[in-house]
Amino acid sequence: MLSESGIRQLFERRYVPANCHLLGDSGYPCKPWLLTPYLQPRQGPQLNYNRAHKTTRAVVERGIGQLKRRFHVLHGEVRLRPEKVSKVIIACAILHNICKPGDTDLRVSQDLKDSVGHLGQPLCRWSTP
C-alpha cells in the first residue's frame, strides 16, 4: 500500500521536510523518512529505540481506534473516490478533536433530521477504553 501511495512519493521527492517521519512496523523497508524497529536490537540504544517506537505506535493505534469507535464510517471499506475518502477522514478527525476535550456527543440538528429522516443518534460518541 505504501509503495503505491502519494505520500511515499512526497517523501522520496523531498517535498516533506527532512525532520518529518512516518512510523512503520517491521514489514516496511528501512528508509530515511520511515522509522521501523530493529529486527534484532542490541542492548542499549537500539533496544531503547524499539521501546520508544513501540510506545509511539501504540499512541497512534489508540487514536485510530478512537476515531473508528466514534465514526462508524471508518470501520470498514469506504466506497467513495479517494479524494472524497480523504475529506471524510479529515472531517472525522476535526470533529473528533472538537468532541474529545469535553467528551461531547455531536447530535444531528432538527433541520437535518427533518430533511433526511435521521433518528437522532449522535454523530459521534465518546467512549472511554
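L10 is placed in helix α1, where helices (DSSP runs of H or I, at least four residues) and strands (runs of E, at least two) are numbered from the N terminus. L10 is partly exposed, with a relative accessible area of 38%; buried means under 20%, exposed over 50% and partly exposed in between (1.4 Å probe, protein chains only). This is a predicted model, in which local features need pLDDT of at least 70 and side-chain atom pairs count only at pLDDT 80 or more, while totals for chains, interfaces and linings use all residues. Residues are numbered from 1 along each chain as its sequence is written, and side-chain values use heavy atoms, with hydrogens and water left out.

**Surface patch**

- I7, L10 and Y15 make a nonpolar surface patch of about 320 Å².
- Patches consist of residues with over 30% relative accessible area and no salt bridge, like charges being joined within 9 Å and nonpolar side chains (Val, Leu, Ile, Met, Phe, Trp, Tyr) within 5 Å.
- Accessible areas come from the Shrake-Rupley method with a 1.4 Å probe, and for residues only the protein chains shown count as cover.

**Aromatic pairs**

- The structure holds 2 aromatic pairs; rings of Phe, Tyr and Trp (its six-membered ring) pair if their centres lie within 6.5 Å, and planes under 30 degrees apart count as stacked, over 60 as edge-to-face and the rest as tilted.
- F11 and W33 form a stacked pair, at 4.9 Å centre to centre and with 15° between the planes.
- Because F11 lies in helix α1 (residues 6–12) and W33 in the loop between β1 (22–23) and β2 (34–35), this pair ties together parts that are 22 residues apart in sequence.
- F11 counts as buried at 8% relative accessibility, and W33 counts as buried at 8%.
- The rings of Y38 and Y49 have centres 5.5 Å apart and planes at 80°, so this pair is edge-to-face.
- Y38 in the loop between β2 and α2 (45–70) and Y49 in helix α2 are 11 residues apart, and their pair links distant parts of the chain.
- Y38 counts as partly exposed at 40% relative accessibility, and Y49 counts as partly exposed at 25%.

**Salt bridges**

- Side chains of opposite charge can pair when their charged atoms come close.
- The structure holds 4 salt bridges, each defined by a side-chain nitrogen of Lys or Arg within 4 Å of a carboxyl oxygen of Asp or Glu.
- One of them joins the side chains of K31 and E12 (3.7 Å, N to O).
- That pair links distant parts of the chain, with K31 in the loop between β1 and β2 and E12 in helix α1, 19 residues apart.
- K31 is partly exposed at 30% relative accessibility, and E12 is partly exposed at 36%.
- E77 forms a salt bridge with R79, the closest N and O atoms being 4.0 Å apart; E77 is exposed at 65% relative accessibility, and R79 is exposed at 72%.
- E83 forms a salt bridge with R81, with the closest N and O atoms 3.3 Å apart; E83 counts as partly exposed at 47% relative accessibility, whereas R81 is exposed at 52%.

**Surroundings of H53**

- H53 is found in helix α2 and counts as buried at 6% relative accessibility.
- The side chain of H53 reaches the backbone oxygen of L35 at 2.9 Å.
- Leaving aside neighbours within four places in sequence, H53 is in contact (heavy atoms within 4.5 Å) with L23, G24, L35, T36 and P37.

How values were computed
Polar contact = N/O pair within 3.5 Å; in protein donor to acceptor, adjacent residues only side chain to side chain.
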